[in-house]
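Colleague: Hey, can you walk me through this one? I'd like to start with how the strands line up.

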Amino acid sequence: MVRFIEENTKPVKNETGDEPKTDVTTAKKKVLQDLIINNGGGLINSWVDSMRTCSPTHLKSLMKRSSWLTEHPSALDMFEEILHVSEGKQIVMFLDYDGTLSPIVDDPDRAFMSKKMRRTVRKLANCFPTAIVSGRCREKVYNFVKLTELYYAGSHGMDIKGPEQGSKYKDDKTLICQPATEFLPMIDEVYQKLVEKTNLTPGANIENNKFCVSVHFRRVDEKNWSDLANQVRSVMKDYPKLRLTQGRKVLEIRPIIKWDKGKALEFLLESLGYANSTDVFPLYIGDDRTDEDAFKILRERRQGLGILVSKFPKETNASYSLEEPDEVMDFLQRLVEWKQSRAGA
Ligand SMILES: [Mg+2]
């Protein structure tokens, strides 16, 4: 069902406290009038608009990086403080993949992580329980990371599997959680329809992530984004049990069940035996809108903290920030060195 609503826009105030004199709000409303989608109860609005306004040039006009950094300081600068608040608690690491461990690239099949990053993540997993939480299907993200000692939560957490040989942190048989299995035939069907529907849109890339489907806009000319959105919408209208969510130049189609990266984080903490523990300190690092579900859970639990990977100001529930995957690697390396120094002390 397509419907038109007024956007609930709240302009961001600038450093002087004035609302910015910009036509962004007007432009947003115009795009919204074209594109608001209500898909089976899950309200999906303004995602094309949001992709545009999340672009660095737009956001730079709305938020100064310096003031944003005051609220979301660099996790490298605040490293000692982070260690201080985690004192006496078990750190558990949660890492998004694309844009966090690997650079964002035009071709999603070539989002390789560096050997150095892989070595760092391996050392990290030796120090702390470590999970990769990705929108990609689990097998695909495993093929990028290639580390058997990690937990993997693919398809936005809808496909979770523990380390092949069992976990050194938890003495149980290999962990598996797939809360959306019944949706597999439907996801396959939607994938096929989307491939057919979008095949005339240059650059459109439909990725089957097993429990969800990604429609990549990265290689589509911005002037065709609305057309592609409408193609997706026309397929989705027949699937009220599926919903759309938005990532970085990507639309994600997934089952309407209440399961996301935040739920995956909670499930993994529980599986590791930290369901009601106050002695655990989950650290979640991610760059995407879908990672916000996990940042939000950490805030609600008042436990651990979220680190957003972004060079530019963004609205986020994360507490700290890192600019890019290279900084993520530095941060992880420092954690490893700190842990090793304590072990050797
Ligand atoms: Mg990402």
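This is a predicted model: local features need pLDDT of at least 70, side-chain atom pairs count only at pLDDT 80 or more; totals for chains, interfaces and linings use all residues.

Colleague: What order do the strands of the open sheet come in?

Modeller: The order is β8-β9-β11-β10, four strands with antiparallel pairing. β8 and β10 each have a single partner strand, so they stand at the edges and one side of each has no neighbour in the sheet. From one strand to the next, the twist averages 20 degrees.

Colleague: What holds strands together in a sheet, in general?

Modeller: Strands pair through backbone hydrogen bonds, either parallel or antiparallel.

Colleague: Switching topic: how far apart are the end C-alpha atoms of helix α8?

Modeller: They are 21 Å apart. That agrees with what you'd expect, because 15 residues (184-198) at 1.5 Å a residue should span 21 Å.

Colleague: Which residues of α8 are buried?

Modeller: Ile187, Val190, Tyr191 and Leu194. Those residues cover an arc of only 105 degrees around the axis, which means they sit on the same side of α8.

Colleague: Why would residues three or four places apart point the same way?

Modeller: Because an α-helix has 3.6 residues a turn.

Colleague: And which residues are exposed on the other side of α8?

Modeller: Pro185 and Glu196 are exposed there.

Colleague: Last one: what do the buried residues of α8 pack against?

Modeller: Against β8 (205-208), β9 (213-216), α9 (225-236), β10 (242-247) and β11 (250-255).

Note on methods
Residues are numbered from 1 along each chain as its sequence is written. Helices (H or I, at least four residues) and strands (E, at least two) are DSSP runs, numbered from the N terminus. The expected span of a helix is 1.5 Å times one less than its number of residues. A residue is buried if 20 or more other C-beta atoms lie within 10 Å of its own, exposed if 12 or fewer, and partly exposed in between; C-beta atoms are placed from the backbone. The arc is that of the directions from the helix axis to the C-beta atoms. Two residues are in contact if their C-beta atoms, placed from the backbone, lie within 7 Å. Two strands pair if DSSP finds at least two bridges between them. Axes are lines fitted to C-alpha atoms, for helices over the stretch in contact, and angles run from 0 to 180 degrees between N-to-C directions.
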